[in-house]
Structures are given as structure tokens and as C-alpha cells.
Amino acid sequence: LAEALSEAAVNLVWQGEAAMAFDRLEEALALYRKAGDRWGEAQVLYRLGGTLVDTSGDSLGRDMLEESAKILQGLGEKYLYVYVLISLGVNDTQLGNYTSARAHLEQGLAVAREIKHPSGVADALTNLGDVCRIQGEYLTAQFHLEAAYKVYHEHGSNVWEAVVLCFLADN
């Protein structure tokens, strides 16, 4: 039931129903906690935190992302951990905390490379490039963005290639 609620929530977010999605995710979180399913809890915290950060900039969302990261790190679950770190880095970028953004994104990149996860590598590089561009480190930004573009292109992630091309143009 918790998994079904969680998946339904993802669809609701994409349909623009963030409030309903949040309710479903809270239900799922309660069920995972009751069952003692730490991975499920971390996954829902990631989704809840990401939804809150994306839709309202709510600091509670950031707390949820950080809690998810701690759980995943404790479980040794690296795939989802990469995305939580990237989400934290993106949130830090939005808040103007570039030192923390870089730390989260570099950590996400290191883990993605360790587990040989191309999308995680490309996503981390893209966002690192964006942070470098914002901070005026244009050559470093160019390096990260070109590396991200190459990974996306090699692995057929055409949708995200466009984002990288926009960042490259901005750079």
C-alpha cells in the first residue's frame, strides 16, 4: 500500500496536484515507518522533500532530504543517495549557498562514478557546471557541462542534453 501511495503521488506531482501528492506521500511515510522499512522511508522522504523544495521552497523539504541522505548512507544504498545529494545541491544553488551546493554535487558525482551510474554522473556534472557558471568560473563550468553533454549523448538522454546546451549557451 505504501508503494502504491508513493507511486500515485509521483503521478499527482506531474499532473500539478502537489497538495494531493503530499498527502499520499505522508500516508506512505507513516506506513513505511510503522513497518520499519528504512529504505521505503528514505525513498518517501526524498520524494516528499523534493516536492516541498520544488513547489514551495519549504525548509522542511530540505530537512527531509537530509534525513533521507542519512538513512541511505547508513543503509549503504548508493543509487538513490546520488539523487538525494544532487537534490540537496540544487536546493543549495537556489538558496545561493554555493559552497554547500558544490560539496553536495561533488559528493553525488563521486558516488555516481563509484557505482558507474551515467545519469547520476551527468546530472551532477550539469549542476556543478551551473554552480561554476553562476560563480563566474566559466572554464570550469565549460569543462563540467561538456563532460555532462558527452555522457548524456552517449547514453541517449536527449531531454537533458537540451538543458546542458542551455547552460553552455548561458556560460
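Which residue follows α4, and is its phi positive or negative? I looked this up at the outset, keeping in mind that the model is predicted, and I found that α4 is followed by Gly76, whose phi is positive, near 75°.

**Entry on helix α4.** I then turned to the helix that comes before Gly76. Helix α4 covers residues 59–75, and I compared its span with what 1.5 Å a residue would give: its 17 residues should span 24 Å, and its end C-alpha atoms lie 25 Å apart, which agrees. I also asked myself which residues of α4 are buried. I noted Gly61, Arg62, Met64, Leu65, Ser68, Ala69, Ile71 and Leu72 as the buried ones.

**Entry on the whole chain.** I counted nine helices and zero strands in the chain, and reading along the sequence I wrote the pattern down as α-α-α-α-α-α-α-α-α. The radius of gyration is 16 Å, close to the 16 Å that the globule rule gives for 171 residues, so the chain is as compact as a globular protein of that length. Taken along the principal axes, the C-alpha atoms fill a box of roughly 50 × 30 × 30 Å. I noted as well that buried residues make up 46% of the 171 residues.

**Entry on the aromatic pair.** I looked for aromatic pairs and found that the structure holds one. Tyr79 and Tyr83 form this pair, which is edge-to-face, with 5.7 Å centre to centre and 65° between the planes. In accessibility, Tyr79 is partly exposed, with a relative accessible area of 46%, whereas Tyr83 counts as buried at 17%.

**Entry on the largest pocket.** How many residues line the largest pocket, and which lie nearest its centre? I found that 29 residues line it, of which Trp14, Tyr46, Asp54, Ser87 and Trp160 lie nearest the centre, and that its volume is about 1,100 Å³. The helices α1 (2–14), α3 (38–56), α5, α7 (118–134) and α9 (158–170) each supply at least two residues of the lining, while α3 gives the largest share, nine residues.

Notes. Residues numbered from 1 in each chain as written. Predicted model: local features only at pLDDT ≥ 70, side-chain atom pairs only at ≥ 80, totals over all residues. Heavy atoms only, no water. Phe/Tyr/Trp six-rings, centres within 6.5 Å; stacked < 30°, edge-to-face > 60°. Buried < 20%, exposed > 50% of the residue type's maximum accessible area, 1.4 Å probe, protein only. 1 Å grid on protein atoms, 1.4 Å probe; cavity = no way out; pocket = protein on both sides within 12 Å on 5 of 7 lines; lining within 4 Å. Points joined across faces, edges and corners; volume = space filled by probe spheres on them. Helix = DSSP H or I, 4+ residues; strand = E, 2+ residues; numbered from the N terminus. Expected span 1.5 Å × (residues − 1). Rg over C-alpha atoms; globule rule 2.2 N^0.38 Å.
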